[in-house]
Each structure stands twice: as C-alpha cells, then as structure tokens.
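Subject: Handover of a structure

Hello,

Here is the structure for you to take over. My notes on it follow directly below.

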Amino acid sequence: MDYGKKMVRHIPTCLECGDKIRYGRTDKKFCCDDCRNRHYNNIAKGSRTFRRKVLAMLSRNYAVLNELLRSGATSVDVMDAVTMGFVPGVMTACRKSGRHEEFSCFDIRYIMTNTRIYSISKIQNVYLPLHSGTKKE
Ligand SMILES: [Zn+2]
C-alpha cells in the first residue's frame, strides 16, 4: 500500500444510521440530534432490559431454592435444578468457603460444584445496613 501517494480524507459515519457525516467537526459521532438521542436511548433501553432479565433469573433461582428448602431438601443435582429453571451463573453474592465457593441468592445460600448444589440454607438474621458507611454513636 502506498500511503504517501493517496491521502483519503476520513469521513466519519453516524453511529446510529450509518450515514456519512459531511459537515461539522471530524470527531462528530452522529449526523443529527435525533440520531444522537435515539442512540443513547437504545443504550439505556438495552441496559434496562439486561437488568430486568437478570432480576427475573434471580427471582426464578430464588423460587427454585425456596421450593427445595420447603420440600426439606438441602442439596440437588445441578442438572435437576436447571430443569426446574435454575440458572447456575446468576447470584447476588459469592465468597470463598473452604475449598468451595459459597453463593447467595438474596437470603438463601448454597455451595455449588460442577455437578451438585448443597448446603442450601436460609441466612438467619439478615442485616442490611440502611446507611452503609455511616456509623451511629
Ligand atoms: Zn444519523
């Protein structure tokens, strides 16, 4: 390639509609305000949809774990839990417990290996600091 001979002027394209942006600063990202607004609205919408999906999965996981506890079970095969609607990768907290990872789904905690979920139990005395970082004397 002979960069020296042909200097192609870079014409930016609108991130939303893909049209060439022929006027204005060369670092402009959108052809018009409508496209800019649409672009950021779609990002916000995608973020909201993502959060809604995660919350739905957490609720489903909680329902599955709660159902197991109510039936008196404290362990289950991961595949059986998945059949019940459990999504293994979604949790509200995770910490190292001995050789294993202990997970929480809201106030229910459990240990999960590749094949088994066990030690399912409700966390007693759930304490949520309402003003984290502030100390009352
Ligand atoms: Zn545009």
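A residue is called buried here if 20 or more other C-beta atoms lie within 10 Å of its own, exposed if 12 or fewer do, and partly exposed in between, with C-beta atoms placed from the backbone. The model is predicted, so local features are given only where pLDDT is at least 70 and side-chain atom pairs count only at pLDDT 80 or more, while totals for chains, interfaces and linings use all residues. Residue numbers start from 1 along each chain as its sequence is written.

Confidence

The predictor's confidence in each residue is pLDDT, on a scale from 0 to 100. Its average over the chain is 88, and 85% of the residues score at least 70. Helices (H or I, at least four residues) and strands (E, at least two) are DSSP runs, numbered from the N terminus. Where pLDDT is low, the predicted coordinates should not be read in detail.

Overall layout

The chain has two helices and five strands, in the order α-β-α-β-β-β-β from the N terminus. It holds 137 residues, of which 13% count as buried. Two residues are in contact if their C-beta atoms, placed from the backbone, lie within 7 Å. Of the contacts with a separation of 6 or more, 38% are between residues 24 or more positions apart.

The sheet

Strands are taken to pair if DSSP finds at least two bridges between them. The five strands form an open sheet, ordered 1-5-4-3-2, with antiparallel pairing. Strand 1 and strand 2 are the edge strands, each pairing on one side only.

Going across the sheet from strand 1:

- Strand 1 and strand 5 run antiparallel and share two bridges; V76 has I117 of strand 5 as its bridge partner.
- Strand 5 and strand 4 are antiparallel, with four bridges, and form a hairpin with three residues between them. Here I117 of strand 5 is the bridge partner of M112.
- Strand 4 (residues 108-112) and strand 3 are joined by four bridges in the antiparallel sense, and Y110 in strand 4 stands opposite F103.
- Strand 3 (residues 100-105) and strand 2 (residues 93-97) run antiparallel over five bridges, with K96 opposite E101 in strand 3. They form a hairpin with two residues between them, and G98 in the turn has a positive phi of about 65°.

Does the length of helix 1 or its packing matter to you? Both are given here. The expected span of a helix is 1.5 Å times one less than its number of residues. For the 38 residues of helix 1 this should come to 56 Å, and the end C-alpha atoms are 55 Å apart, which agrees. After the helix comes G72, with a positive phi near 90°. The buried residues in helix 1 are N61, V64, L65 and L68. They pack against strand 1, helix 2 (78-83), strand 3, strand 4 and strand 5. An α-helix has 3.6 residues a turn, so residues three or four places apart point the same way.

A nonpolar core is a set of buried Ala, Val, Leu, Ile, Met, Phe, Trp, Tyr and Cys residues joined through C-beta atoms within 7 Å. The largest one has 14 residues, and L65, Y110, I117 and I120 have the most contacts inside it. At least two residues of this core come from each of helix 1 (33-70), strand 3, strand 4 and strand 5 (116-122). Apart from neighbours within four places in sequence, L65 is in contact with C105, I108, Y110 and I120.

N42 is also in helix 1, but counts as exposed because it has 11 C-beta neighbours inside 10 Å. Its C-alpha atom is separated by 9.7 Å from that of E16, 26 residues away along the chain.

Backbone angles to check

- F106 has a positive phi of about 55° although it is not a glycine. F106 lies in the loop between strand 3 and strand 4, and counts as partly exposed because it has 17 C-beta neighbours inside 10 Å.
- S119, which is not a glycine either, has a positive phi near 55°. S119 is in strand 5 and has 14 C-beta neighbours inside 10 Å, so it counts as partly exposed.

Regards
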